[in-house]
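Thanks for coming. I will go through one protein model this morning, strand pairs and then the core. Please have a look at the screen.

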Amino acid sequence: MSARNYYNLRVLLFVLLGMVAVLPAFAQGQYYINLRTSRPAVLANGSDKTLIIAEVRDPSGRQAPNGLEVIFQTTLGRLSTNRAQTFGGVAQVELSSNLVGIAKVTAILRGASNLLEIAFTDNPEETHQGSNFVQISGNKDAYITYYVPE
């Protein structure tokens with residue numbers, strides 16, 4: 001059982017039983033980091049970017065105060081910065097890469113951490129979400145045909 005699942009189970013038991021308890025992860029004042037990205041797949045061209053968003057909560061579940069420093073690390077690509085401060089409970093950085101592969105991005109704050117995987121690809125079709133990808137090429141006499149399959 002992962003540490004996060006164990007924590008979720010402890011919280012569920014805490015709520016269901018109505019018991020007053022101190023959860024070990026928060027006994028030392030640790031924060032919880034929810035890590036997400038604006039784009040789970042990005043073109044590996046060095047200029048396309050994805051936003052890495054760390055939502056930080058304090059031990060009681062409230063958004064973390066402004067000015068906490070979150071450290072970001074990645075196994076692939078380049079971060080816009082490796083440290084960002086929270087504002088409104090959120091710290092953000094951008095990630096880009098010239099290399100194809102999976103980037104494992106970690107956000108760390110005072111002993112708390114979370115991991116997120118982002119795919120960098122050389123295939124533009126793999127980067128679309130839904131039907132928001134369009135590739136256009138041609139010359140001065142070209143025209144565009146648009147087709148949406150049902």
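Nine bridges join β8 and β9, and the pairing is antiparallel. Strands here are DSSP runs of E with at least two residues, helices are runs of H or I with at least four, and both are numbered from the N terminus. Two strands count as paired if DSSP finds at least two bridges between them. This is a predicted model, so to speak of local features we need pLDDT of at least 70, and side-chain atom pairs count only at pLDDT 80 or more, while totals for chains, interfaces and linings use all residues. Residues are numbered from 1 along each chain as its sequence is written, and side-chain values use heavy atoms, with hydrogens and water left out.

Back to the pair. β8 and β9 make a hairpin with two residues between them, and Arg-110 in the turn has a positive phi of about 45°. Gly-101 stands opposite Phe-120 in β9. β8 also runs antiparallel to β4, joined by four bridges; there, Ile-71 is opposite Ile-108 in β8.

Next, the open sheet. Four strands form it, in the order β1-β3-β7-β5, with antiparallel pairing. β1 and β5 (78-79) are at the edges with a single partner strand each, so one side of each has no neighbour in the sheet. Between β1 and β3 there are six bridges, again antiparallel. One of the bridge partners is Ile-52 in β3, which goes with Thr-37.

Now the core. A nonpolar core is a set of buried Ala, Val, Leu, Ile, Met, Phe, Trp, Tyr and Cys residues joined through side-chain atoms within 4.5 Å. Buried means under 20% relative accessible area, exposed over 50%, and partly exposed in between, with a 1.4 Å probe and protein chains only. The largest nonpolar core has 25 residues, and those touching the most other members are Ile-52, Val-70, Phe-72, Leu-95, Ile-118 and Phe-120. Two or more residues come from each of β1 (32-37), β3 (50-57), β4 (69-74), β7 (90-96), β8 (101-109) and β9 (112-121). Which strand gives the most? That is β8, with four residues.

What does Phe-120 touch, leaving out residues up to four places away in sequence? Among them are Val-42, Leu-76, Leu-95, Leu-99 and Gly-101; contact means heavy atoms within 4.5 Å.

Finally, the whole protein. Buried residues make up 29% of its 150 residues.
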